Amino acid sequence: MLESFIVPLLAATVQSGTPILYATLGEILTEKGGVLNLGVEGMMSMAAFVAFVVSLTTGNAWLGFFCGGIAGTFMAMLHGIVCITCLGNQVVSGLALTILGTGLCNFLGTPFIGMGIDGFDKFSFPLLSSIPYLGDIFFKQDALVYVSFIIPVLFMLFINRTSLGLAITAVGEKPAAAAAVGLKAVRLRWIALLGGGFLIGLGGAYLSLAYTHLWANGLSGGRGWIAVALVIFAFWRPGRAVFGAYLFGGVMAFQLRLQAIGTHIPSSLLLMLPYALTILVLIFSAVRGRSGNAPAHLGINIEPEG
Amino acid sequence: MLAYRLQKRDEPWNWGAPIIIVGALVFSFGVSALLLELQGKSAVEGLLVLWQGSFGASWALEDALLKAIPIFLCALGVATAFRMQVWNIGAEGQFALGAIGATWAALNFPDLPGFLLMPLMFFCAAVCGAFWAYIPAILRLKLQVNEIISTLMLNYIAILLLEYLVFGVWKDPASFGFPVTPEFSPSAIIGQIGETRLHWGFAVCIGSGLAMWAFMRFTRLGYEIKIAGEGIKVAMYSRLPYGMLTILVMAISGALAGWAGCIETSATVNRLQTSIMVGYGYTAIVVAWLARLHPLYIGISAYLLAALRVGVENMQLELQVPASFGSIMEGLILLSVLAGQMLVTYKIVKKK
């Protein structure tokens with residue numbers, strides 16, 4: 001049971017949690033700066049597509065990964081033009097971004113449907129992979145999973161220990177006060193938004209490069225929205241985001257395995273699990289912390305003076 | 001560094017709204033045309049085919065009007081919730097639930113005469129749609145659960161529920177394995193108006209639109225919804241029953257989307273099948289926002305976006321352009337309108 005079911009399940013959990021982890025961290029950074037970005041689903045889809053095409057044409061998966069991040073940054077830039085520069089409604093702009101992003105990658109991606117790429121393959125990490133159980137779960141993965149182990153730590157150091165990270169947090173909490181002490185509030189918002197967009201893009205890139213190795217419509221499958229929900233669940237803290245992302249990875253992997261074994265439960269009901277869990281997770285975090293850790297100025301635009 | 005800055009206008013730019021919409025349309029069509037060129041298709045030809053399919057023929061006008069019916073009902077509901085700054089993104093799921101409710105009535109009471117069955121179907125659709133909207137409303141009120149995400153997740157769940165039903169318990173044994181329910185009995189099918197292809201669902205639209213307009217304008221509740229839309233603090237100072245109003249707007253919203261689902265199942269496909277889920281609920285959000293939440297403008301913009309969908313179908317047939325071209329345009333239009341809206345309250349002045 002342990003060897004044949006649980007360990008492979010946990011290994012699959014880590015893999016399917018990884019794209020959600022990147023995206024959740026990206027959205028946390030964005031929201032720390034005070035911008036609510038509901039475009040994650042569209043950004044991940046676009047990034048998955050761009051990463052796929054770059055990797056297909058250049059044969060370089062790392063370049064694809066990087067370009068996926070750039071695609072996410074570009075989409076975040078559109079959101080910034082609408083919300084930061086033109087003071088548009090953040091909720092509606094995010095929705096528009098998702099409509100645009102999913103439409104655009106399905107449109108551009110039609111000729112590529114079914115094509116495959118080498119992408120990132122799993123390999124055993126030297127030494128660490130020989131640890132019993134843990135090695136099989138965490139260290140027989142692809143390179144992007146190993147990268148994702150480091151990112152939350154760097155993220156935590158950046159937000160809590162660097163002056164730029166603290167300044168971004170200040171802008172999300174109280175832009176007027178931040179501006180009064182000489183911080184460039186608008187510029188810091190842009191940095192948080194674009195940086196977050198890059199991370200979200202990396203999460204999308206993971207989907208086509210390492211998860212599927214091919215292009216298909218609807219690749220993101222709601223993971224972007226789950227990431228937005230996980231930010232609330234994580235109380236805007238990277239540590240809890242890791243936990244949340246693996247929790248969802250676990251449910252997705254478990255659901256796939258149940259389908260593969262061939263239970264009597266209809267597949268549509270199994271597929272509901274991650275979405276139902278998202279709502280449960282929101283209820284849980286509401287009961288626990290009343291979701292009160294949100295940056296105070298989240299979703300509120302900075303009006304120009306004068 | 002930047003030579004320009006924003007300055008608040010002394011009074012709002014009244015001509016702004018129509019000019020911005022036209023500008024946004026021109027911009028979005030421009031970008032879409034560019035995309036067509038990049039795909040190696042002639043942009044001019046593409047836009048002509050799009051125009052032909054949207055407004056160029058009587059069948060196109062009829063098709064657009066038929067598609068506008070579910071979009072209008074969903075958008076009317078969504079707009080009511082948006083008025084109170086309740087972000088109901090769940091019209092898609094409430095639409096699915098409405099279709100399920102109506103189908104339940106149609107399959108269980110096929111022998112009832114139409115004048116009884118039809119109201120029963122609409123009633124069930126409204127109850128199911130409203131129930132699906134009530135869940136996120138009550139979660140938001142009692143636990144401050146973000147309704148944007150809960151309504152969205154309920155969309156996914158509703159579509160899977162619909163699939164579960166048509167692939168399973170409601171599947172027509174005579175369908176050769178296709179996931180569809182049996183066809184409805186004649187009394188469960190909404191009839192045509194006279195000799196046209198238009199069905200009576202259109203009358204439901206007109207009626208709902210007028211009723212909603214009158215409700216918002218002349219009733220105390222409608223007035224309270226508008227006040228509550230100024231924010232929860234304003235509502236508390238005015239001693240409004242904010243919770244009750246939230247549930248009310250969500251229930252109205254869900255019931256209207258449910259009706260849209262009922263009409264689409266009964267009048268368009270005459271049975272329940274997964275192909276009714278084509279994202280009307282998401283288009284409704286674009287429509288409501290473009291119309292600035294006003295029922296009359298919702299009618300106009302629902303028609304325009306329905307025409308866009310028909311036009312894109314025409315492009316799909318003649319130029320093999322994927323259907324997602326329509327969502328690109330919807331997204332672009334919405335983004336550029338949002339960005340342009342700034343010009344109503346601000347003007348751009350040179351920095352000294």
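Chain B of this predicted model carries 22 positive and 19 negative side chains, with the centres of the two sets 18 Å apart. Chain A has 14 positive and 11 negative ones, and there the two centres sit 10 Å apart. As for bookkeeping, residues are numbered from 1 along each chain as its sequence is written, while chains are lettered from A and ligands numbered from 1 in the order in which they are written. Local features need pLDDT of at least 70 and side-chain atom pairs count only at pLDDT 80 or more, whereas totals for chains, interfaces and linings use all residues, and side-chain values use heavy atoms, with hydrogens and water left out.

On to the overall folds. Chain B comes out with 14 helices and two strands, helices being DSSP runs of H or I with at least four residues and strands runs of E with at least two, numbered from the N terminus. Its radius of gyration is 22 Å, close to the 20 Å that the globule rule gives for 352 residues, so chain B is as compact as a globular protein of that length. That radius is taken over C-alpha atoms, and the rule is 2.2 Å times the number of residues to the power 0.38. The C-alpha atoms of chain B fill a box of roughly 75 × 60 × 35 Å along the principal axes. Chain A, for its part, has twelve helices and zero strands. Its radius of gyration is 19 Å, close to the 19 Å from the globule rule for 306 residues, so chain A too is as compact as a globular protein of its length.

In chain B, 55% of the 352 residues count as buried; in chain A, buried residues make up 58% of the 306. Buried here means under 20% relative accessible area, exposed means over 50%, and partly exposed is in between (1.4 Å probe, protein chains only). Helix H11 of chain B (residues 280-290) is mostly covered, with ten of its eleven residues buried, among them Tyr280(B), Ile285(B) and Trp289(B). After H11(B) comes Arg292(B), whose phi is positive, near 50°.

Leu343(B) belongs to helix H14 of chain B (residues 342-345) and, at 27% relative accessibility, counts as partly exposed. Leaving out residues up to four places away in sequence, Leu343(B) touches Arg9(B), Trp13(B), Ile20(B) and Ile348(B), contact meaning heavy atoms within 4.5 Å. Leu343(B) and Gly16(B) are 327 residues apart in sequence, yet their C-alpha atoms are 6.9 Å apart.

Then there are the aromatics. Rings of Phe, Tyr and Trp (its six-membered ring) pair if their centres lie within 6.5 Å; planes under 30 degrees apart count as stacked, over 60 as edge-to-face and the rest as tilted. By this rule there are 30 aromatic pairs over all chains. One of them joins Tyr22(A) and Phe65(A) edge-to-face, at 5.9 Å centre to centre and 70° between the planes. Tyr22(A) lies in helix H1 (residues 2-32) of chain A and Phe65(A) in helix H3 (residues 61-85) of chain A, so the pair ties together parts 43 residues apart in sequence. Both Tyr22(A) and Phe65(A) are buried.

Notes:
Lys, Arg positive; Asp, Glu negative; His and termini not counted. Charge placed at Lys NZ, Arg CZ, Asp CG, Glu CD.
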